[in-house]
Amino acid sequence: MPAQTYRQLRELALSNDIAIEEPIVLSANRRHEDRALVHLEAQFHRRPLLPYGAKTDAVHLYEASNRRAEIEAVAREIIRLVRDEGARYRDIALIIRQTEAYRDLVKTVFFDFGIPYFMDEKEPMHHHPLIELVRAALETVVTRWRYEAVFRAVKTDLLFPTDGDLHMWREAADKLENYVLAYGIKGDKWTNNERWAYRRYQALDGLNVPQTDEERQFEDMLNEWREALAAPLRRLERRLRRAEDGRGFCMALYLFLEELQIPKKLEKMSAQAEADGRLVEARQHEQAWNAVVDLLDQYVEMLGTESLPLAEFVKIIEAGLDRLEFSLVPPAMDQVIVAQLDRSRLIDIKYAFVIGANDGVIPAKVKEDGLMAEVEREQLRELGVALAPGGREQLFYDPFFVYLALVCPSRRLYVTYPLADGEGKALMPSPLIKQLTELFPHAPVHLCGNDPFDAPAEKAEAFVTAPRATQTYLISQLRAWKRNYGIDPLWWDVYNTFIGHRDWKEQVRHAVSALFYTNGATPLKKQWSQRLYGKKIQASVSRMEQFQKCPYAHFASHGLRLKERNVFRLEAPDVGQLFHAAIKQIADRLREQHLDWRELSRPDCERLSAEAVERIAPLIQQQVLSSSHRYEYMKRKLKHVVARTTHVLSEHARASGFVPIGLELSFGPNGDLPPLRFRLPDGTVMELVGRIDRVDKAESSQGVLLRIIDYKSSAKTLDLTEVYYGLALQMLTYLDIVLTYAEQLVGQPALPAGVLYFHIHNPIVQAKQWVDDEVEMAKKLLEPFRMRGLLLADVEAIRLMDGRTEDGQWSLIVPAQLTKSGSIHSRSSVASPSDFAALRQHVRRLFIDIGGQIADGVVSIAPYKLKDKTVRFAPRSHLRRALVAHMPHSTRSRVHTAAKNSVRVLRFQTGLPI
């Protein structure tokens, strides 16, 4: 403060016997060119206020609908001052108190308007690559090479070789990161000398296939990248572990930076930034290096001989890094100065914009956030201790800061305030606005909006400024014209000017085309479709279902082959794969030992299940089940689930006349059964390939019966509405395959017995009262495992599936009930042989239709909607966010109907009697 500085200088002079000459008082106002500003300087602190009676153009008030509209209005006025009044950018200043609320807005808007500016504030160094490298490197050592810390260091680009190709090394870092995520690399896996192995197989697939040359080549590159990026961090860790005091810690960190040639890399980055015109950034790199070296010097000076744990040293260094700030001077001469109201002192400013004059901001609210109360401050001040200004002093200083801001311009003052913040919350004008209105009753007040429609008082010409900003306003006006609103004829001249300009016509055409854009995916050309999918399409049933759920999702996963990167954790598909593999291994063991499922006791089930899970667990997700105590516990729980499932399967076998004749039965080229082949309308051949979990066989009076059982890790049932729309084709396709190739499978034609889902789980038995009866308890244990699906409407077939079923009671095995008279209850989930035939024909028609659309390149963004269900894209996927954001209105709604109605429709379509 000037008065405080004068007093301190006077006291120093008197205490040192220095003569003080007579003070020179500068009373004449030589700064302001307009009498209104002279009046403001003279009357601002006087009470009562003396109004300025004449009209003036030296004081303007701007009322904006929000902060963005406020800054855009300021930018338009700056462009007008420079263009029409011959002002220079260096003659203009923005004075802001809430810099955190306006910083990003000023950067964005001024970039659009092409206004050069300099922000007179200290910017934290948090995000500078060097600061991030130091923090991440120390965190890597302290946290034992956690993934996040290691790759924060890698992504600074400062670990790459100085003369290396930056693009190539970034690609290498991305591939290395994918490997680390997939294999769960952390801790000693980074620091030991054990070579990292690479295989492309997913979980249990391809285990017996030898490593290919491509895999071996990628493995070699992977280990080279690992050594290049991790070696500096390993040396840093060794030095830090050997250090005995603060000096040793700082020396280790400094050698780490020197070995990486950080000064040379920062100099290169600075030169590139300067060549690109990023002058502020160019000067930041040298400051960052000097600040880090100075921080280490200060630590050595203060705590160099202190012996501290490494974790404490890291905390102190991180605290120091948090306090580092950039202090920059304007890198160019002709720039708008963006200053802070409390700390900037401006000279030679002709036009000043005081931004954000809202209540609570000007004047500011006092913040009592210090360690000492005002009473304690007063006591220390009486003892001669100099302290920073407290809340009371700041309250006294604030009117002076506001006064300095208002009187700094020599030609014109603009005071602006928004009526709402970025979230739409209302803001009140500052009392300063009322004071200026009383002082200058004839001062113009401008209402500002985000586009010409929001600011009717402004002429359309005021919005024609810089090309980029004008383009935004033009598109807004054309959008309104498209909706039949009237617009100023000037905007058609603006449009014609843009279209005739070499540098802007393509950009404007592209922006205007968005006004008439509809988000519909254009079908692929025939040659592109063939290149993506091939002339011979081999597809699984789940792929066909995915196309029906959303053609674009099918295109993304099977055409573009997009997928999320693998992460080292146990997912639901991994659990399902383990269940399938465990049951198959148990069945193989029984076949090797010539045992039947009916002969298994509960201890046998537990032993076989434990052995199967132990053999399979190391093959799931890079041994994730052995990576921690948590996963070991999960493995134990999985053993219990498999044991319970095995026991239930043995109980089913004892009660059933069906026997398994195929587990994990593959169909397709070189499979256990041939594929289903279809010739599509354009001549393309499509083959359906896959694997059937289990096929059972039974002998009945009508012939051989075949049924399909599919193991699921979650509860599922067969919804015939989903079958009708092609959303659930798997089970009936499997049934069609085994019936089509029944002679190859069982030596004779066969009849459909049904399709069933078996839920693999370990449920808790719930009962309203204590159950002592063992038979009743056995029923309670079996009831949650009742299979769901669709059965043949034949009493003999149902009794073959559950020989223990009692008349009048629901079967504990299948979804059927026999009445006391021995007939099938109406609530049973059954279908006649002709119904099964109609379902098979419908599924085949669907495959031909789906295959034809795939071959024709259909990629519509048209997800299905069936009641509350719709297509689910991959979680955390950028594709999912993009599709949801641009979802068209052509979502395919599916009407849910009862199972009997769905079957009636199918019988009608296939020409069967209803």
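**H39 and the overall form of the chain**

In this predicted model, H39 is buried, with a relative accessible area of 13%.

Reader: In which helix does H39 lie?
Author: The residue is one of the buried ones, its relative accessible area being 13%, where the cut-off for that class is under 20%. As to secondary structure, H39 belongs to the helix that covers residues 35-43, which is α2.

Reader: Which residues is H39 in contact with, once its neighbours within four places in sequence are left aside?
Author: Contact here requires heavy atoms within 4.5 Å. With those sequence neighbours set aside, the partners of H39 are L50, P51, Y52, L439 and F440.

Reader: How many helices and strands are there in the protein chain, and is it spread out or compact beside the globule rule?
Author: The protein chain contains 33 helices and 21 strands. For 914 residues the globule rule gives 29 Å, and the radius of gyration, at 39 Å, is well over that, so the chain is more spread out than a compact globule. The box filled by its C-alpha atoms, taken along the principal axes, is roughly 125 × 80 × 65 Å.

Reader: What percentage of the residues of the protein chain count as buried?
Author: The protein chain exposes about 48900 Å², of which carbon and sulfur atoms supply 52%. Counted by residue, with buried meaning under 20% relative accessible area, the share of the 914 residues that is buried comes to 45%.

Conventions. Residues are numbered from 1 along each chain as its sequence is written. This is a predicted model: local features need pLDDT of at least 70, side-chain atom pairs count only at pLDDT 80 or more; totals for chains, interfaces and linings use all residues. Side-chain values use heavy atoms; hydrogens and water are left out. Helices (H or I, at least four residues) and strands (E, at least two) are DSSP runs, numbered from the N terminus. The radius of gyration is taken over C-alpha atoms; the globule rule is 2.2 Å times the number of residues to the power 0.38. Buried means under 20% relative accessible area, exposed over 50%, partly exposed in between (1.4 Å probe, protein chains only). Accessible areas come from the Shrake-Rupley method with a 1.4 Å probe; for residues, only the protein chains shown count as cover.
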